[in-house]
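Reader: I'm new to this one, and I'd like to know where the labels come from. Can we go through them step by step?

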Amino acid sequence: MKKKEQIIGWLLCTTVFIIYAVCSSHTISFWDSAEFISSNYKLQVTHPPGSPLYMLICNVIMGVFPHISIAFLSNILSSFFGAVTVMIIYFITIIITKSLVSETKIHTPVLLPIISGIISGFTLAFIHSFWISSTETEVYTLSFLLLVLTWYIGLLWLKTENKRRELQLFLLIGLLLGLSTCVHLINLSIVIPLSILLVKKRHSLTFKNILVGLGSGVFIFLFIYGFVIQGFLRVALKLDIFLVNELRLKINIGLIILYSFLLSLLAFLLWITIQKRKPKLLLFSGFLLFFYIGISPYGTSMIRANAKTPLSNNPINSLELLKYITAEQFGISNTPLVKGYSFNAPLDKNRPFSNQTPKLYYSTKEKKYITVDDGIYIKENYPREFITFFPRMYSRKEADISGYNTWTTIKGTPIEYPINGTLQQINKPTFTENLSFFYNYQVNWLYLRYLFWNFIGKQNDNKGTGTILNGNWISGFAFIDAPRVGENSIIPDYYKNDLSKDTYYFLPLLFALTGLFFLRKSPVNFFTSLLFFFTFGLGITLYVNPTPTSILIRERDYIFVGSFIPLCIWIGLSTIQLYTWLSIVSKTKIIVVISSLIIFFSVPFQLFIKGWDDHNRSNDTFARDFAKGYLDSCPPNTILITNGDNMTFPLWYLQEVENYRSDVRVINFDQLTLNWYIEKLKTTVNTSKKLTISILKELYHKGPQQLLPLQQETDKPVDLDILFNFLSEPSTKKEWNGKATHYIPANIFSVSIDTLTIPKPYNTDKLNLKLVDTIQWNFHKNFYAVNDIVLLNIIKENINNRPIAFAINGNQNHYLGLQSQTIQRGMVELLAPIKRSKPGLNPKIVDTSIELPHFKGFEDSKVFIDYENRAYAQQILRRNYYFQAQALLEEDKKLEALQILDKSIKTFPNQTVPFKQFAFAMGKLYFRANDLEKGKITCLTAMQNLREELLWLISFNPPNPIINVRYANRLKSMYLQMIDQYSRFQPDKAHQLKEEFTSIEISFQKWHKLNWPY
């Protein structure tokens, strides 16, 4: 029987792998996929906290199959890890099923455990979040594989009575935990549910023992993460500082000595405990030894970082490795958990800033660690009155503060506190309001919504920000869905017919609860799986303490997949429960078939059939095409300024893997706060020559926390040469918050231009431009960040030698206020020392000789289009087409302008990329070009889309009322503006639309009053 189980397990694995491989994209997708492919291909170090084991495995596989497309191979490697994970879940379900049958003395057919395992495996394979992860290059499927493999080994360890075998399995768990750490740190959390197995192995499962086990699991997690990993690195750093600075030994010698000593000590302890027969000390020392062996791949990260590869992050020594593993650049260590300050806490009236640990840096010039900041008066200090227990609303970012006020109503407790000498009232959020935000956003929207996506149904794949339009869970039952997302009859067709709309009628969740109900008969497996579910669900939510801006970037369902895994096992177990219930009616073998088929067709088959269309990514090439469009828009040797993952990683992939346009130096503006990234810009990368950067290291080595305040001393423009000379002088510092610091003396800047040498990849005569010898612009900020200052320096030093361009990506902060000094060239805007040669011309300059790139895949409404693809087409590409057509009209090239407009409408039709602001603007261009019919259709369609969404919103009282009311206000404002603008072309129709809106306005005001809490 065991051989049959194994054969079926591998057949299951093969089947799932083939399905995943067919669904996988043949090239890159958005987010981290492109970065991982680029990094794995050349053994480069990815973003913190890193995944060196994943990098090594992928690099080896790429070497074994050199003739397969690197991107496709990387994607199907995720498919392989996912398929193996499915197989392990199959084996886990069989073990648990047999244990249940044995404990409950239920008489079941021998094939039923196998059937339960198959159903569990297929269910995991086809839940949305796991299926997506298995068809793109990401660390998650390898992470899940190691996670469930550790659970599987834990079950084998619990079952074995052979002491030697028990020791081997326990040491293997230690090794797997170490290896898991080298893929994703969150895997360490598995020690919490595994603590139940530990309790069961030694004691009976009483309520007291379960609580003790839970406490022990949390302690072991904190011990491993805080002491075994971070504590080890902190000791290694102190030892390294002493050996390097005092004894003048080479860098990293402290880490090498400590790691070697620790392995030797633990190996010696292991040998001694075996000889002395000390079983507890044997397990402890053996576990630590194998764990430390397991995390050894991080040594590869240090080696490759020191190799100075183009994209590698910077864990080059003990100090940087500690920052890397703790993800210091993301500020994770500053997240409060139990106690913290509210988001609106003012600075302390007596001591607004406090000291913190001095910042160190290893100087390659001096060959020792040096202090770059003494830590004095660097940390903001807040009054104790604003400390709150269980702080969920703590971030001081403007976007997060706005988010707190939208996800819950904040009235607060009034506290009077002096600010700048004036007594002011500040409403500190109450504990109840923190709990409200915790439930509304962190639990309900972030976690439960993702859980229900996978086991009840989802409205669509659009990024959900709290409105009724996008990303909600739905069931398929109107009486449940209508109070949450509105009546189906009022929902616009575009949303109603979305291919990513999948409804499961609660069946997966109901069968999961059925399986859990049956599992109660095996307390050890019941509590282990339940704790697994909570640890990787609510546990992660509590620990991460996510802010509102986290979903403004992307959906985060992938981090909770660990919590969904137990439900897949419970669904498999429901087969046994259903069989036992049906057996009351009849004992025939047909009951096995009936119970199995009911659950198979209700859950995994339903998930597969409904999910196929929105998980098949085999023809999706948009991310690569999008990145290629940026690079193709750049003149030779351009410095391209961009920001955001999706506007950077795909470009890196093209340059690093496909060796395409590697002459372009892509600079991620967000990363210009990192000193190692700035240093890397000073080196040649591929065929891109090094950049000239003259800024003092002192101005950026302190990291992203360093801010330069504006202390305006002149209203006149300050030349960048003078500014950086000013910043290089220690005597120009001012006292600020008790500490001498550099500051910015003006908010108007200028840069001198050598009009003879500056690259000019444009025709000034054709564009009605003339060159100027100075670029002058206003760039006002109260505080200038490190990346602002560094980019100003890059512009100053390189503008006369290389083209500098800004990626058109919907953001503006990477322009530094220079938008008016640019020429649109395809998908980028080229910085140029120009002004219009004739008065009255449009200040928006577009080089119409540069063709816009062609994009495919949007024409067929029956083919699923990923959310990011649609969003970028709607917000970025349509904008580019609009300005191109507008410029052609201004050049009296009406026919060419109409061709551009027609191409945009054909490439991005309303059926797949709904018409909104930029489509309406293109409709106005049709009118200007005298194509009245197309102008009318385009404008009215865009207005109709907004009107339908508005009517949908006000048709009922929605959840998250603040968010939906704010969105409705924006829709109403845009709609009325469109009517006003449309009146210039068709005044009668515009008047009719305005009259029709009168009744809508009455309903809107009633709805607004009912739903707005402030």
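Predicted model: local features only at pLDDT ≥ 70, side-chain atom pairs only at ≥ 80, totals over all residues.

Reader: Then what makes Leu816 buried or exposed?

Author: Its relative accessibility is 0%. Buried means under 20%, so Leu816 counts as buried. You'll find Leu816 in the loop between strand 21 (804-807) and strand 22 (822-825).

Reader: What is the phi of Leu816?

Author: Phi of Leu816 is positive, about 55°, although Leu816 is not a glycine. Most residues other than glycine have a negative phi. Asn420 is another non-glycine residue with a positive value, near 55°.

Reader: And how do you know whether Asn420 is buried or exposed?

Author: The relative accessible area of Asn420 is 81%. Exposed means over 50%, so Asn420 is exposed. Its place is in the loop between strand 7 (413-419) and strand 8 (422-428).

Reader: What kind of peptide bond joins Pro48 and Pro49?

Author: A cis one, with omega at about 0°. Most peptide bonds are trans. Pro49 sits in the loop between helix 2 (32-41) and helix 3 (52-64).

Reader: On to helices. Why are helix 7 and helix 8 called roughly antiparallel?

Author: Helix 7 (residues 140-159) and helix 8 (residues 163-181) pack at an angle of about 165°. Angles over 145 degrees count as roughly antiparallel, and therefore that is the label for helix 7 and helix 8. Their axes are 9 Å apart, and the crossing is left-handed.

Reader: Which residues of helix 7 and helix 8 meet?

Author: From helix 7 there are Leu146, Leu149, Thr150, Ile153, Gly154, Leu156 and Trp157; from helix 8, Glu166, Leu169, Phe170, Leu172, Ile173, Leu176, Leu179 and Ser180. The residues of this contact divide into 11 nonpolar, three polar and one charged.

Reader: At what angle do helix 1 and helix 24 pack?

Author: Helix 1 (residues 2-23) and helix 24 pack at about 35°, with 10 Å between their axes. Their crossing is right-handed. Ile19, Val22 and Cys23 in helix 1 meet Phe608, Trp612 and His615 in helix 24. That contact divides into five nonpolar residues, one polar and no charged.

Reader: Where in the chain are Arg617 and Glu136?

Author: In distant parts, 481 residues apart: Arg617 is in the loop between helix 24 (604-615) and helix 25 (622-632), and Glu136 is in the loop between helix 6 (128-133) and helix 7. Arg617 has 12% relative accessibility and so counts as buried. Glu136 is buried as well, at 9%.

Reader: How far apart are N and O in the salt bridge of Lys844 and Glu829?

Author: The distance is 2.3 Å. Lys844 lies in the loop between strand 24 (834-836) and strand 25 (845-846), and Glu829 in strand 23 (residues 828-831), so the pair ties together parts that are 15 residues apart in sequence. With 18% relative accessibility, Lys844 counts as buried, and so does Glu829 with 4%.

Reader: Which residues are linked in a network of salt bridges?

Author: Lys163, Glu166, Lys201 and Arg202 are linked that way.

Definitions and conventions
Residues numbered from 1 in each chain as written. Heavy atoms only, no water. Axes fitted to C-alpha atoms, helices over the stretch in contact; angles between N-to-C directions. Helix = DSSP H or I, 4+ residues; strand = E, 2+ residues; numbered from the N terminus. Parallel < 35°, antiparallel > 145°, perpendicular 65-115°, else oblique. Left-handed = near helix turned anticlockwise from the far one by under 90°. Contact = heavy atoms within 4.5 Å. Nonpolar A, V, L, I, M, F, W, Y, C, P; charged D, E, K, R; others polar. Buried < 20%, exposed > 50% of the residue type's maximum accessible area, 1.4 Å probe, protein only. Salt bridge = Lys/Arg side-chain N within 4 Å of Asp/Glu carboxyl O.
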